[in-house]
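Please examine the sequence and the structure shown below.

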Amino acid sequence: MKSLWGGLGRGARWGLGLGVAVILAATLAIGWWAWHTDYEVLFSKLSAQDAAAMTRELDQMKVPYRLGDDGTTILVDRATVHQTRLKLMGKDLPLHGAVGFELFNNSDFGMTEFAQKVNYQRALQGELTRTILSLAEVESARVHLAFPDEGLFKREQNRAKASITLTLHEGRALRREQVRGIQRLVAAAVPGIETRDVTIVSDQGVALTQEGEDTAGGAAPASMRMEVKREIEQYLSHKANTLLDKAFGPGQALASVDVTIDMNQVRVTTEDVLTPAAPAGEGPAGVVLRERETTRDSSGGRGGANAGTDTGAPGSVHREVDYQLGRRVEQVVSSPGAVTRLQALAILRAPLNPAQVEQVRQLLSSAVGASRERGDVVVVQPLEGLAANVVAAPAVASQMPAAAAATAASVVTNDSESNSASARPWTVVQSLAGVLALAAVLMAGLFVRLKGRATAPAQPMSAAQREASMAQLRTWMAQADIDGPTARSGR
């Protein structure tokens, strides 16, 4: 090898070294590719309990894995990620710290009754936890069921109760209907639990259910009334703003709706007497139950309805008829949440004449469902008309009472402050424009002045000026003749 290396030239040596380096690099790359494992996420955002259960199962399955994100993410080989995920989901793992009815898959026949009750309660809690976790807003949940002790000689039997703790995803919130849905879900799944006995709290300890809230009927609590009022106002405001945006363009109008709702549940019972149809010319009559006729003659004798004969003697006839009339009872229950009054306000940027304002008001009234008989109020106000009204307010303040004048003055002051605050950017722009205009005028004046100087005609020189210029020129020439020989001799 030494003699071979010595017999090679410089170029051959460089070529041999480069070839050996390429072969080594290729060998290392093939080895890294053969032994390297590309990891992919198997599960992420796991709790410590779930991650421990899954890694324990992966160790038993002899599947290599890695942990990431401080132990909340499990990564496995990309080639087997789907297969491993299906295998893990097929196992009866106690995810989220809860087990379901798979707890009874391998039940022990020698288990005591108390242990069976405890396992049943655990399984029921786990199934409810899994069902609640199916909601998109819920990140984690814990369900606790409390069953009372059953006794044969107990006079008072306590009711079963449930408590649920929910942890929601960041930026998510549960609506009132969802909270009540969870309550009904638990009450329907667990025997002996009523809806009002289910308490739901957030991870911050805030109660999501209101105490004393009864979903079966009755008067609604204050929180529920505000929730219903807010939902109705948001719905109607969205309809009004959508209509105005389509008509005038986005951001050119603003609408707000305020409603007054009646949350009282009214129950009206109507009772009518039904009579059968009577023949023409006769009054209505009921169904005949019993009819009795008594005949009394002048001699004092008394006979039945069919007993006695006609003797020609004067007498009297008494007839009694019992009727049965029909009866109808109608019960009407009005659900709470009816709108008793509506007030809508729309502010427009576009200048409109009175006819156009009235047309927009009618369209807005139809959109939000305003009723004149109910006393609803719909106001449409352009910004120009609003500014005119504000300016005119001080003029009529002298004709108002003292309290009204003070109120109008405060309104004008607030409006002027808001207008000045909103007009501040325009004031800055106008100031800059004035400064730029002044600078432009000064530059134009300077330019005209310089141009006038440059284009002004030259004035003719007088005789004295010409003589002085010639004398200066002669002096410069004489000085040049004197300096010339001295400079040449020095050189």
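Trp5, Leu16, Val20 and Leu24 make a nonpolar surface patch of about 390 Å². Such a patch consists of residues with over 30% relative accessible area and no salt bridge, with nonpolar side chains (Val, Leu, Ile, Met, Phe, Trp, Tyr) joined within 5 Å. A salt bridge here is a side-chain nitrogen of Lys or Arg within 4 Å of a carboxyl oxygen of Asp or Glu. Helix H2 (residues 10-35) supplies the largest share of the patch, three residues. Val20 is found in helix H2 and counts as partly exposed because its relative accessibility is 43%; buried means under 20% relative accessible area, exposed over 50%, and partly exposed in between (1.4 Å probe, protein chains only).

The model is predicted: local features need pLDDT of at least 70 and side-chain atom pairs count only at pLDDT 80 or more, whereas totals for chains, interfaces and linings use all residues. Residues are numbered from 1 along each chain as its sequence is written, and side-chain values use heavy atoms, with hydrogens and water left out.

The protein has eleven helices and 14 strands, taken as DSSP runs numbered from the N terminus (helices H or I, at least four residues; strands E, at least two). Overall values are as follows.

| Property of the protein | Value |
|---|---|
| Residues counted as buried | 20% of 491 residues |
| Accessible surface (Shrake-Rupley, 1.4 Å probe) | about 35700 Å² |
| Share of that surface belonging to carbon and sulfur atoms | 58% |
| Contacts joining residues at least 24 apart, among those at least 6 apart in sequence | 65% |

Beyond residues up to four places away in sequence, Val259 touches Lys229, Ile232, Glu233, Leu236, Val339, Arg341 and Leu342; contact means heavy atoms within 4.5 Å. Glu233, in helix H7, counts as buried because its relative accessibility is 16%. With neighbours within four places set aside, Glu233 is in contact with Val257, Asp258 and Val259.

How values were computed
Patches are made of residues with over 30% relative accessible area and no salt bridge: like charges are joined within 9 Å, nonpolar side chains (Val, Leu, Ile, Met, Phe, Trp, Tyr) within 5 Å.
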